Amino acid sequence: GGVAGWSNQQSAAIAIGYYAGQQSQGINCIGIGVNAGQTNQGVSAIAIGETAATNSQGVSAIAIGKRAATNSQGAYAIAIGETAGFNNQGQDGIAIGNGAGNLQGANSVAIGKNSGGSQKPSAVAIGEGAGNQNQGTFAIAIGAACAQNGQDCNAIAIGRVAGNQNQGSQAIAIGCNAGGSGQQSGAIAMGQNSGKCNQGFDSIA
């Protein structure tokens, strides 16, 4: 395609598509699609899809899908799905699903549509909308819409809508809608609708 691999394309690199691998494409890289791996694609990185890994893709990183890891993808990170890992995906991060892992910290995992937004390092979000906004370090959210907004560090939410809003640090919510809103630090809620609203510090339901 026009201006593919235009400047400083390294050995064994592949650039297919308009502006693909345009500037500083590394050794053994692959850029396929319009603007794929356009600027500063690291050694052995792979970018497939329109504007995938457009700006700065780390060593051995993988971005597959339209606008996947568009802006700054860390080394060894994986982003699969439209806009997965879109902005500032950290090193060794994994984002799978449309919109997953936008602003994803290093070593974090986001699997499911719109999961793991603004995700801190070493967090895990699995399920559509899980950990969608501001998921803390080492936090775990498993289930659709669980820990959707404001899960603090080391908190655990398992089940649909569990720990949905503002779950405190080291809190645990297991079950549909458990610890649903305002669960305080250290609180434990186990069972459907347990600790649903404003469960206090270190309490058990």
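**Questions on a predicted model**

Trainee: What is the relative accessible area of Asn28, and how is this residue classed?

Mentor: This is a predicted model, and every value here is computed from it. Buried means under 20% and exposed means over 50%. The relative accessible area of Asn28 is 42%, which falls in between, so the residue is classed as partly exposed.

Trainee: Where is Asn28 found, and what is its phi?

Mentor: Asn28 is found in the loop between strand S2, residues 23-25, and strand S3, residues 30-32. Most residues other than glycine have a negative phi. Asn28 is a residue other than glycine and yet has a positive phi, with a value near 65°.

Trainee: Ser118 has a positive phi as well; is Ser118 buried or exposed?

Mentor: Ser118 is not a glycine, although its phi is about 50°. The residue lies in the loop between strand S12 (109-111) and strand S13 (124-126). Buried means under 20%, and because the relative accessible area of Ser118 is 19%, this residue counts as buried.

Trainee: How many strands does the protein chain have?

Mentor: The secondary structure of the protein chain includes zero helices. The C-alpha trace spans about 60 × 20 × 15 Å along its principal axes. The number of strands in the protein chain is 20.

Trainee: Which strands stand at the edges of the open sheet of five strands?

Mentor: The order of this open sheet is S2-S4-S6-S8-S10, and its pairing is parallel. A strand at an edge has a single partner strand, so one side of it is left without a neighbour in the sheet. The two strands to which this applies are S2 and S10 (87-89).

Trainee: In S6, which residue is the bridge partner of Thr39?

Mentor: Strands of a sheet pair through backbone hydrogen bonds, either parallel or antiparallel. Strand S4 (residues 39-41) and strand S6 (residues 55-57) run parallel, and two bridges join them. The bridge partner of Thr39 in S6 is Asn55.

Trainee: How many residues has the largest nonpolar core?

Mentor: In soluble globular proteins, nonpolar side chains tend to be buried together. Members of the largest nonpolar core here include Ala36, Ala68 and Ala110. A second, separate core has ten residues, among them Ala130 and Cys146. The number of residues in the largest core is twelve.

Trainee: Which residues form the aromatic pair, and how is it classed?

Mentor: The structure holds one aromatic pair. Tyr18 and Tyr19 form this pair, with 4.5 Å centre to centre and 80° between the planes. Planes over 60 degrees apart count as edge-to-face, so the pair of Tyr18 and Tyr19 is edge-to-face.

Trainee: How is Tyr19 classed by its relative accessibility?

Mentor: Tyr18 has a relative accessible area of 44% and is partly exposed. For Tyr19 the relative accessibility is 27%, and this residue counts as partly exposed.

Trainee: How many residues apart are Glu82 and Arg67?

Mentor: Glu82 is in the loop between strand S9 (78-80) and S10, while Arg67 is in the loop between strand S7 (62-64) and strand S8 (71-73). Glu82 is partly exposed at 34%, and Arg67 is partly exposed at 29%. The pair links distant parts of the chain, and the number of residues by which they are apart is 15.

Notes. Residues are numbered from 1 along each chain as its sequence is written. This is a predicted model: local features need pLDDT of at least 70, side-chain atom pairs count only at pLDDT 80 or more; totals for chains, interfaces and linings use all residues. Side-chain values use heavy atoms; hydrogens and water are left out. Rings of Phe, Tyr and Trp (its six-membered ring) pair if their centres lie within 6.5 Å; planes under 30 degrees apart count as stacked, over 60 as edge-to-face and the rest as tilted. Buried means under 20% relative accessible area, exposed over 50%, partly exposed in between (1.4 Å probe, protein chains only). Helices (H or I, at least four residues) and strands (E, at least two) are DSSP runs, numbered from the N terminus. Two strands pair if DSSP finds at least two bridges between them. A nonpolar core is a set of buried Ala, Val, Leu, Ile, Met, Phe, Trp, Tyr and Cys residues joined through side-chain atoms within 4.5 Å.
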